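Please read them with the structure open.

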Amino acid sequence: RDRRRPDRAAKQDDKKPNRAAAPKRIVVIGGFAPSLISFRGDLIAAMASAGHEVIGCAPGEDPEVAKGLQARGARYVPVAFDRSGTNPLADLSSLLGLRRLFLQLKPDVVLAYTAKAVIYGAGAAQLAGVPHVFAMITGLGYAFIEGRELKRRILRQVTTMLYRASLAGCETILFQNQDDLEDFRRAGIVAAGKKLIRVDGSGVDTAHYAFSPIVPQPPTFLLIARLLRDKGIVEYVEAARRLRAEYPQARFRLLGPLDPNPAGLTADAVERWRAEGAIEYLGEAADVRPHLRDCTVYVLPSYREGMPRTVLEAMATGRAIVTTDVPGCRATVVEGDNGLLVPPRDAGALAEAMRRFITRPELAIVMGARSRKVAEERFDVHRVNAAMLEAMGLV
């Protein structure tokens, strides 16, 4: 692999769709209701602006999401499935419930994203006879991250089988990075002739996440993520411990919610880290922009991602990136240009990369400016959404 540059955008394995972009009823279904706004909001607005009727679906009632979708020209219909559960009977019930919903709504198009929504949403859409079903692989999650735990290995085998079944009937599958696309091919999850397209993540609104110069302050590192081990949070805390012993003026911040995922960290663990002074825990935030503006360098030592949205937001803000040389993450960084890549699960290497920004503060300014340029040229949300709409024949 050429490490000198990120993957190029919007590569397609087959010819472009030739369906006319007549107005369609579209269901966009995900596993977490707020993500319909935070991750798919601009895409949904673009669909509505193109004259389509758009319905957002996710588990649970959520008045704020309903209001946000209405403002984007769409509506919200809650559905019933557990995005982190592993009960097969409950999942079968979810599949049948989604099939009933699609028979009722009669959509022309279903776009499913996140693992459970792809497996059961795309599967139910096919059972309901929806004419055009698309899946977007936004990351492979807990089951596909390397690990020897029996639970993880069993879950990987079951998830692979379920993906294979649900994706077989999809018209096109969109991937957020080339590694995931190739892994699905290699594992035989997608058939040889299936149309596969790579897009540059979910994109980032470079106007909303405006460039912000780094203000003179002690070196401040920030990690924004759900509180999962697989996000590299334990390694981040250990790197912070090592660096604070040498550079007591440096600050190490963590922002994000607890999560019921099997890899979830406990509130007690986070409180212990805070109490010992290793990190500052900032809790949750509806708007992360002030925290991005207040940091010097953005850090995400994740074990695997689809395309990390927080990294794109940090890049748009003009921040240098320290992240891992793993699928998804490495597609955002040109090594030594707009950030640094480190091996996953390696607190020592992470600390050394972060140390460079403490001892050479000019690096954060130079690399941050490059991050902004890359965000504008490659990851702008309007460009990414236009590629997705074209891939689905919706423009």
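1. How far apart are the end C-alpha atoms of helix α13, and what should its 13 residues span at 1.5 Å a residue? This is a predicted model, and in it helix α13 covers residues 347–359. The expected span counts 1.5 Å for one less than the number of residues. The 13 residues should therefore span 18 Å, and the end C-alpha atoms are 18 Å apart, so the two values agree.

2. A side-chain oxygen of D346 comes to within 3.2 Å of the backbone nitrogen of G348. Further along, several residues of α13 are buried, including L350, M354, F357 and I358. A347, A351, A353 and R355 are buried as well.

3. β9 pairs with strand β10 (residues 251–255) in the parallel sense, over 5 bridges. Within this pairing, L222 has R253 of β10 as its bridge partner. Between the two strands the chain passes through helix α9 (residues 233–246), and this β-α-β crossover is right-handed.

4. β9 also pairs in the parallel sense with strand β12 (residues 297–300), over 2 bridges. Here the bridge partner of F221 is V297 in β12.

Conventions. Residues numbered from 1 in each chain as written. Predicted model: local features only at pLDDT ≥ 70, side-chain atom pairs only at ≥ 80, totals over all residues. Heavy atoms only, no water. Pairing = 2+ DSSP bridges. Helix = DSSP H or I, 4+ residues; strand = E, 2+ residues; numbered from the N terminus. Right-handed = clockwise from strand over helix to strand, strands pointing away. Buried < 20%, exposed > 50% of the residue type's maximum accessible area, 1.4 Å probe, protein only. Polar contact = N/O pair within 3.5 Å; in protein donor to acceptor, adjacent residues only side chain to side chain.
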